[in-house]
Amino acid sequence: MDQLAADKSKGMTVIVKTVVRFVIGIIVMFGAYIVAYGHITPGGGFAGGVILACGYIILTLAFGRELALSKLSDTGASILDNTGALVFASIALLGYIGGAFFMNFIDHGTLFHLFSAGIIPLCNVAIGIKVTASLFAIFIALSIFGRFISKIVEEEEEE
Amino acid sequence: MDLYLLILLIFMIIGSIIAIETKKLLSSVISVGVVGFSLSIAFLMLKAPDIAITQIVVEILILVVLIRATISTDNTAIEKHWDTFSFVSSLIFFGLFLVFAFLAVHDLNHFGHPLLTVSKRYLAEGPKETHAANIVTSILLDYRGYDTLGEATVLFTSIVGAFVILRRRGRKKKSDQDMEKVGILQDEDIKKNFGEIEGDDDGSTGGR
């Protein structure tokens, strides 16, 4: 019974865990693909970032919060969020090399190649990192902080 | 094509009415999800795969978060009062909305004919000027880079705000008595700080 309770506290059933173990790699790879090929195929930094965040969220739901937070802690998510925003702003500022804010100063390359379109793929990667970290952070904040806060508030009201 | 779109729109309106009117919070959340998924199909039928991908993924995320949030709250419906003033005023505002919407739609271009002529230049010159095969991305990150920067700023600010509000407990104090763990609390910390809580209170849904 204790064993069962311990298993329950660490996430969902064995079926869910096994399926997630198979699927998580595909989800993360698809998210990375959507981010990296955002300037060639439909998608981009925001959509791919949300897919990557969904990968972390499915980890949290299936295996409990300890495992997901060991992969990306709330502080780490916050730092990644700031890093993505800073990188995006720096790319925009580096446009002054070419003469203006947001100038596309890198060589454009050939159409339909992965390394083409100058700063656009770099911006996509920065936005992807930012959206992944921030949406995972907001999920942590809403699902984990929130519950403890409601407990605290209830206890304070009882007293 | 237009017929399918009309059916989808009617479906979405029905879904949102159910979401407002239903008593249970969970079924309301699921009805909102129905509206979102139909919207993503509508985007796909209007040949906007970029926004369809974003819509469907964000909808999944929002559904997970909302279901996660509604499961743990108690599910009591608010009793309805028949309020004549609110009924009459909503009728008046709905009528005003219909009148102004009719006037505004009357002056718009036909469906599929853009109002902004600058978009023609984006479509014609976009691949040549930016060398990005996906025109939507070339507009978002090249022609309209400022908009995307503003969007990223909005996202950043909202997440910082949510973190600040939801955290509630401040940074670590210096003396041992005031020590409280910031962020996610472990079970032993909770026992130490807030007394007993029930056993299955953790970050997962616990197979419910």
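The stops below concern a predicted model.

**Chain A as a whole**

Begin by selecting chain A and colouring it by secondary structure. Six helices and zero strands are found there, and from the N terminus the order of elements reads α-α-α-α-α-α. Chain A comprises 159 residues, of which 44% count as buried. Among the contacts in chain A with a separation of 6 or more, 66% join residues 24 or more positions apart.

**Helix H5 of chain A**

Next, select residues 74-94 of chain A, which form helix H5. With 21 residues at 1.5 Å a residue, H5(A) should span 30 Å, and this agrees with the 30 Å between its end C-alpha atoms.

Within this selection, highlight Asp74(A), Ala77(A), Asp81(A), Gly84(A), Ala85(A), Phe88(A), Ile91(A) and Ala92(A), which are buried. Now turn the view to look down the axis of H5(A): the buried residues fall within an arc of 125°, and therefore they line one face of the helix. On the face turned away from that buried side, select Ile79(A), Ser90(A) and Leu93(A), which are exposed.

**The largest nonpolar core**

In soluble globular proteins, nonpolar side chains tend to be buried together. Here the largest nonpolar core has 51 residues. Select Val50(A), Ala53(A), Phe88(A), Cys123(A), Phe136(A) and Ala137(A), the residues with the most contacts inside this core.

Which elements give two or more residues to this core? From chain A they are helix H2 (14-36), helix H3 (45-63), helix H4 (65-71), H5 and helix H6 (120-158); from chain B they are helix H3 (49-72), helix H6 (135-143) and helix H7 (145-167). H6(A) supplies the largest share, 15 residues.

**Ala137 of chain A**

Centre the view on Ala137(A). Neighbours within four places in sequence aside, Ala137(A) is in contact with Asp74(A), Ala77(A), Ser78(A) and Asp81(A), and also with Ile159(B) and Phe163(B).

**Pro49 of chain B**

For the last stop, select Pro49(B), which lies in helix H3 of chain B. Is Pro49(B) buried or partly exposed? Pro49(B) counts as partly exposed, because 16 C-beta neighbours lie inside 10 Å, whereas a buried residue would need 20 or more.

Show the contacts of Pro49(B) as well: apart from residues up to four places away in sequence, Pro49(B) touches Pro42(A) and Leu44(B). Pro49(B) and Val136(B) are 87 residues apart along the chain, and 9.9 Å separates their C-alpha atoms.

Notes:
Residues numbered from 1 in each chain as written. Chains lettered and ligands numbered in written order. Predicted model: local features only at pLDDT ≥ 70, side-chain atom pairs only at ≥ 80, totals over all residues. Helix = DSSP H or I, 4+ residues; strand = E, 2+ residues; numbered from the N terminus. Buried ≥ 20, exposed ≤ 12 C-beta atoms within 10 Å, placed from the backbone. Contact = placed C-beta atoms within 7 Å. Expected span 1.5 Å × (residues − 1). Arc of directions from axis to C-beta. Core = buried A, V, L, I, M, F, W, Y, C linked by C-beta atoms within 7 Å.
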